[in-house]
Amino acid sequence: KYIKHGDKIACCIKADYLITTGVSNWGAEAIGIGMGCHCTEQFHKKIYIKTSEVGCADGINGKFNGSVDGLPYEEHAKMYQKLVRAYQDVMGDNGIKLKS
């Protein structure tokens, strides 16, 4: 009703604050990185794969392979690295780095 193409957005949960992103995980990752918390590429991939192993399926394609919103893990890895680089460009190499 209030958002252009809102009927095509894959979410029906009411929220007090809306963070608009192309993929739901990217918004959550941007918040974490913005708070100075990010992980190695290896640990990031483990997180995506582990969620599939414990029964979390992609909400668009129903697969248990680390994909999210219909995009393969490799696309998420690219965005994650862009977000980390953007943070580092502003804040330097400070922040909490989570390791596997």
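Helices (H or I, at least four residues) and strands (E, at least two) are DSSP runs, numbered from the N terminus, and the expected span of a helix is 1.5 Å times one less than its number of residues. The model is predicted: local features need pLDDT of at least 70, side-chain atom pairs count only at pLDDT 80 or more, and totals for chains, interfaces and linings use all residues. Residues are numbered from 1 along each chain as its sequence is written, and side-chain values use heavy atoms, without hydrogens and water.

Helix 2 comprises 13 residues (residues 41-53), which should span 18 Å at 1.5 Å a residue; the end C-alpha atoms are 19 Å apart, in agreement. Its buried residues (under 20% relative accessible area, with exposed over 50% and partly exposed in between; 1.4 Å probe, protein chains only) are H44, Y48 and S52. They lie on the same side of helix 2, because they cover an arc of only 80° around the axis, taken from the directions from the helix axis to the C-beta atoms. The face turned away from this buried side carries the exposed residues Q42 and E53.

After helix 2 comes G55, with a positive phi near 105°.

The structure holds one aromatic pair (rings of Phe, Tyr and Trp, the last by its six-membered ring, with centres within 6.5 Å; planes under 30 degrees apart are stacked, over 60 edge-to-face, the rest tilted). The ring centres of Y48 and Y73 are 5.1 Å apart and their planes stand at 65°, so the pair is edge-to-face. Y48 in helix 2 and Y73 in helix 3 are 25 residues apart, and the pair thus links distant parts of the chain. Both Y48 and Y73 are buried.
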